[in-house]
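Hi there,

Here is the structure I promised to pass on. Have a look at it first, and then read my notes below.

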Amino acid sequence: MYSTRNRDRLSTLPEHLLLLIISKLSFKEDVKTSVLAKPWTHLHYGTTNVTFVESELVKHSVSRSEKSVGDARVTFVRFMVNWVSRFFGDVIESFHLCLSKPAEFETEAKHLIKFAVSKQVQNLVLDFSYLSCTASNQARPAILFQMPECVYNQVTVESLELFSCGFDPSRFPKPSSFKSLCFGWIELGKITTLLSNSPLLKILSIHNFWSVGLITGDNYLLRELKFENFDFAPEYTWIDLPNIQIFKYSGSFRYFQFLRVNRMMEEAYLDFGTETDDEIGTFICDLLYDLLSARKLTVCPFLIKAIKDSDDPVRLKAPMETRHLVIKTNLVPVEFVGIRLMINSCPELETLTFLMLPPVSVARTNPGFDPKSKMIKVVEVRNFTGGTYELVMLKNLIRSCRVLERSVKTSVRATMRTLGDECVASSKGLWIRQHDG
């Protein structure tokens, strides 16, 4: 009775307020509101956030026949076309279209995109990648859909995401209104032109691209650069974006180098997966030199294993300015040299976070872990299990860190008690806090 009474009270609100409310929901939830009461029946046709995602309505599986999947796709496309034909609003804030194999519905897809542009859309996402296109080692996919002319002529889009969509970066408005750009499974041969014509751009994300050897631009506002899986990129990629404050890379290891770099960088994130290569230690060190100003630095097991084979296994030639170091690790002996090197190379380090990965089986040995740091105040261990090498690492840090104030983010109560019993802390102000949640 309570929920019904409150639902009816909500229904008495003016339509424009109800539209503001449902526009904060996901599009799928918006559509569901049509069954609440009569005033809600057609309300979702005025939402400002529209999301059409094929995978939510079309279930692809080995057990389903090709005909049943095809029929479901036809139903999905009809639903989209019908919905936009009944839209009664003036503008759309965001429009997300995810449709695999778009060549089968090219006319409908272009109609939907034209609709979004005509409603002065600000955030536009066009994803035409295959639903199964997730493996990074797949062959370079063919582009089956070319972006329609209306997108080049628009002037309202601030955030644009394109996946598996052919387009010419040089044809966008000059200057463009883009503040955020994201590309995936796309050829980006003329991306430099687009960056030069986007003075308001703040965030650039690129996934699985090809035909780019140099990424450059003097955009004053561009502050965040994200890369994921350079599987189809040239052997070397050069980056000349001197104003970026946040750099993130995840995916298979690729050779890339900064020509110019911001000397006041906020964050750098490097995750090269789990593969190993014993011949790239010097390159990894060169990359870290480029990122030495990053206040927060996240590194992966691949990196900490590779740098142990650098010229100096104790510390980098140039000190890092990192204040918060995050190390993703299995915490096995082969990683300890690299972990020690990273800690020793960050003389201003204040917070050290170990992000524990799933444990792996290794032969037990004495790792000899003895990092030297005078500045660390906080040590965090996330996903702590109380393993032998985790305790070795914590005990050595407790003994060696002179200003350590606290150790946090742990979860194994009985094991943690042994730290206080067996260790003599170098810092008198040390306290240990555990989180069981």
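With which side chain does the side chain of Glu224 make a polar contact? The partner is the side chain of Lys226, at 3.3 Å. A polar contact here is a pair of N or O atoms within 3.5 Å; within protein, one must be able to donate a hydrogen and the other to accept it, and residues adjacent in sequence count only if both atoms are side-chain atoms.

Before we go on, please keep in mind that this is a predicted model, in which local features need pLDDT of at least 70 and side-chain atom pairs count only at pLDDT 80 or more, while totals for chains, interfaces and linings use all residues. Residues are numbered from 1 along each chain as its sequence is written, and side-chain values use heavy atoms, leaving out hydrogens and water.

Back to Glu224, which lies in strand β8 (residues 224-228). Strands (E, at least two residues) and helices (H or I, at least four) are DSSP runs, numbered from the N terminus. Glu224 is buried, with a relative accessible area of 9%. Buried means under 20%, exposed over 50%, and partly exposed in between (1.4 Å probe, protein chains only).

Strand β8 pairs with β6 in the parallel sense over five bridges; two strands pair if DSSP finds at least two bridges between them. Ile206 has Phe227 in β8 as its bridge partner. Strand β6 (residues 203-210) is mostly covered, with seven of its eight residues buried. Strand β5 (residues 180-187) also runs parallel to β6, joined to it by seven bridges, and Gly184 stands opposite His207 in β6.

Now for the salt bridges, each a side-chain nitrogen of Lys or Arg within 4 Å of a carboxyl oxygen of Asp or Glu. The whole structure has 13 of them. One joins Arg260 and Asp240, at 2.7 Å from N to O. Arg260 is in strand β11 (residues 255-260) and Asp240 in strand β9 (residues 236-240), so this pair ties together parts that are 20 residues apart in sequence. Asp240 is buried at 11% relative accessible area, whereas Arg260 is partly exposed at 38%.

Finally, the largest nonpolar core has 112 residues, and Phe95 and Phe247 are among those with the most contacts inside it. Such a core is a set of buried Ala, Val, Leu, Ile, Met, Phe, Trp, Tyr and Cys residues joined through side-chain atoms within 4.5 Å.

Happy exploring!
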